Amino acid sequence: MDRSILPIPDKAYEGPVYDDAKDPRAVYEPIAPIRPPQGAPNVLIVLLDDVGFGAASVFGGPCRTPVAERLAGNGLSFSRFHTTALCAPTRQALLTGRNHHAVGMGAITEIATSAPGYTSIRPQSTAPLAEVLRLNGYSTAQFGKCHEVPVWQTSPVGPFEAWPTGGGGFEHFFGFLGGETNQYAPALYSGTTPVEQSATAEEGYHFTEDMTDRAIGWVQQLTALTPDRPFFMYYAPGATHAPHHVPLEWADKYRGEFDDGWDALRERIFAEQKRRGVVPDDAELTARHDEIPSWDDMPPELKPVLARQMEVYAGFLEHTDHHIGRLVDALDELEILENTLVFYIIGDNGASAEGHINGSFNEYLFFNGAAALETPEFLTARMAEFGTPAAYNHFSVGWAHAMDTPYQWTKQVASHWGGTRNGTVVHWPEGISSTGVRHQFHHVIDIAPTILEVAGIPQPERVNGAEQTPIHGVSMRYTFDDADAPDRHTTQYFEIGGNRGIYHEGWTAVTKHATPWIAMAELPAFVDDVWELYSPDDWTQADDLAECMPEKLRELQELFLVEARKYNVLPLDDRRVERFDAAIAGRPTLIHGRKQVLYGGMSRLTEATVLNVKNVSHAVAADIEVPEGGAAGVIIAQGGSFGGWSLYLRHDGVPVYCYNLMGLQVTKVAGPEPLTAGSHRVVMSFAYDGGGPARGGDITLTVDGDAVAEGRLERTVPLVFSLDETCDVGHDGGLPVSDDYRAEDSEFTGTVRTVLIELAGGAQDFNHLVDPQLRLSAALSRQ
């Protein structure tokens with residue numbers, strides 16, 4: 001069977017043709033379903049989120065991961081396995097076996113540009129591993145996080161070619177789109193269909209448990225119905241990306257373990273790493289940079305909060321490992337674990353320092369440039385709520401650095417191992433006869449060729465009509481039974497946001513260009529970046545040799561440029577805020593102009609698919625029907641409990657506009673009386689003060705042409721309401737914007753016919769919208 005062309009070409013029948021099927025000569029070969037080569041194993045990839053090398057106990061960390069340790073004890077631990085330093089780039093590299101810029105994912109999808117390496121569009125010449133396996137007869141499924149869909153393709157109408165079940169090669173998908181989600185109220189999809197969670201947070205819901213239940217159910221059904229068909233499962237929980245959400249009994253298991261701070265914790269982790277042999281005895285613990293405060297420098301009144309942040313994080317990671325154990329146990333009970341090749345990748349990058357110096361109770365304050373509001377007093381008052389549905393929490397930079405022990409820096413810093421080195425466990429009893437630690441250099445692009453090799457499947461030359469570029473990675477199979485095998489992955493570039501470097505035959509030349517938690521910093525020109533040089537004997541990049549070996553440094557800098565040109569890394573792009581603007585970045589937008597009409601029942605609309613009402617005068621006009629006896633519920637809402645707005649009828653039928661300022665302040669403007677039965681037009685108009693982002697403005701609430709209430713906002717959300725909460729018409733999904741209703745009771749009991757969102761142009765006001773004779777759906781023609 002020729003597997004170099006996919007789908008595998010049909011075999012034409014070339015025998016004789018008979019008139020009558022009862023003719024004894026009319027015998028044909030039985031239909032043979034496509035299956036992988038004999039002996040191809042099941043494959044399970046587990047990819048955790050934002051876990052540094054020094055976090056999990058299996059690699060010497062303080063967070064207990066007994067399942068990872070069990071798998072490592074009967075498998076292999078890779079101590080020099082690498083990612084890209086950022087989530088979406090790592091994931092697309094993993095799923096294709098190609099370098100991240102070469103598949104258009106030089107950054108996260110939200111800041112994609114029109115430059116070839118940064119479009120967020122996977123070229124057809126780089127078919128995903130899942131598609132290759134599916135076309136070779138594997139069953140394929142993805143559970144958890146998907147951050148590879150271009151933002152303009154995340155709406156309910158697609159296009160779906162970048163979704164897991166579209167062109168991603170997965171026959172089944174259950175999870176969420178984007179970089180993160182609320183673990184207690186995720187925005188879920190089954191395939192491309194939005195679905196609601198099976199229970200509320202109050203009823204004990206948590207996404208990691210839910211996705212694990214679904215994964216177990218899928219593999220049980222598969223084993224029952226097609227036991228001869230191997231599977232490829234990609235299990236990618238949102239953990240331990242912020243928000244750090246975990247039932248508090250898991251966090252409480254770590255009570256008091258981090259009271260002595262992150263500096264002492266780094267020393268303990270480093271000693272344990274040496275004891276376990278995942279770093280050599282002569283390795284050095286790298287120094288803490290000045291940008292990261294020492295534990296002794298932190299305010300004494302803040303230290304109990306900081307310790308609690310780490311307790312919550314540790315509980316979150318152990319909780320995740322526990323549910324991975326449930327999946328592993330299910331495979332064991334089905335008697336298929338022995339022939340399942342498991343990759344347990346402990347992090348898609350280093351630990352995240354996006355929680356700023358003090359950590360965060362609501363990380364949207366950081367995203368919106370308001371981290372200074374989270375003072376020690378603010379955080380202390382909310383300490384008991386960290387990890388609960390009331391918080392959207394993240395830990396401090398100091399903890400992130402400790403979780404990347406023994407290396408420098410953190411997530412986003414692709415130049416140094418703290419951003420890119422992630423411990424990985426490989427388990428396959430039927431295929432690996434030895435156990436222990438492997439020190440060969442490998443990268444996430446090496447997973448795909450490893451799987452193809454062990455499955456006996458060649459890299460295809462053509463997939464779905466598109467000629468394929470060769471996979472960039474190197475199979476790891478040679479290491480499985482030879483701990484001393486020489487490295488085969490000898491050159492690898494790294495780059496995220498201008499932080500960049502090159503690995504070549506043990507040497508590294510690197511330069512840190514930007515600091516993740518200093519979002520508004522003025523960055524140097526790329527030519528002014530200071531490069532560092534580290535030798536093959538310097539395991540942790542502790543001793544910079546740039547000054548004493550300038551020729552070696554220049555050699556590696558030139559090699560970086562060669563690799564950068566080859567894989568579409570250039571031009572380097574360190575823009576931050578500007579790239580969130582689609583017009584500046586050059587990426588498509590779904591919505592154009594100043595007006596957008598929505599209809600009752602539309603939901604799961606991300607911020608990228610709805611007009612941006614931030615920092616501008618705007619109006620929201622809704623045509624609704626109130627039945628006899630009155631109505632209540634949400635007409636339209638965007639965002640959720642940690643930032644957003646909602647237009648609704650209160651339980652008593654009174655119209656209300658609610659604005660939630662990042663969970664800090666909730667402003668409501670309510671009418672004087674309930675709406676009567678019949679047709680009504682409810683309009684909220686907002687006159688923005690101007691003068692820059694995040695300013696205030698005046699609110700006017702109008703019903704059927706009459707102004708019924710006025711109010712004022714002194715401040716507004718400047719950049720993002722939510723990365724996971726969406727815009728919904730006729731209800732408020734997720735966590736509610738307003739405390740006047742619960743999400744599960746928010747469905748409008750009347751009829752929402754049409755909602756028009758309109759942005760002001762020049763000196764224009766919104767008087768025309770209050771005229772009930774104007775059909776809102778026809779207002780688009782006036783743009």
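Visitor: Why is Phe366 counted as buried?

Guide: Phe366 has a relative accessibility of 13%, and buried means under 20% relative accessible area, with exposed set at over 50% and partly exposed in between (1.4 Å probe, protein chains only), so Phe366 counts as buried. This is a predicted model in which local features need pLDDT of at least 70 and side-chain atom pairs count only at pLDDT 80 or more, while totals for chains, interfaces and linings use all residues. Residues are numbered from 1 along each chain as its sequence is written, and side-chain values use heavy atoms, with hydrogens and water left out.

Visitor: What makes Phe367 partly exposed?

Guide: Its relative accessible area is 23%, so Phe367 is partly exposed.

Visitor: Why is the pair of Phe366 and Phe367 called tilted?

Guide: Rings of Phe, Tyr and Trp (its six-membered ring) pair if their centres lie within 6.5 Å, and planes under 30 degrees apart count as stacked, over 60 as edge-to-face and the rest as tilted. The centres of Phe366 and Phe367 are 6.0 Å apart and the planes stand at 55 degrees, so this pair is tilted.

Visitor: How many aromatic pairs does this rule give?

Guide: The count comes to 33 aromatic pairs.

Visitor: Why is the pair of Phe361 and Phe378 edge-to-face?

Guide: With ring centres 6.5 Å apart and planes at 75 degrees, the pair of Phe361 and Phe378 is therefore edge-to-face.

Visitor: Why do Phe361 and Phe378 count as buried?

Guide: Phe361 is buried because its relative accessibility is 7%, and Phe378 is buried because its relative accessible area is 12%.
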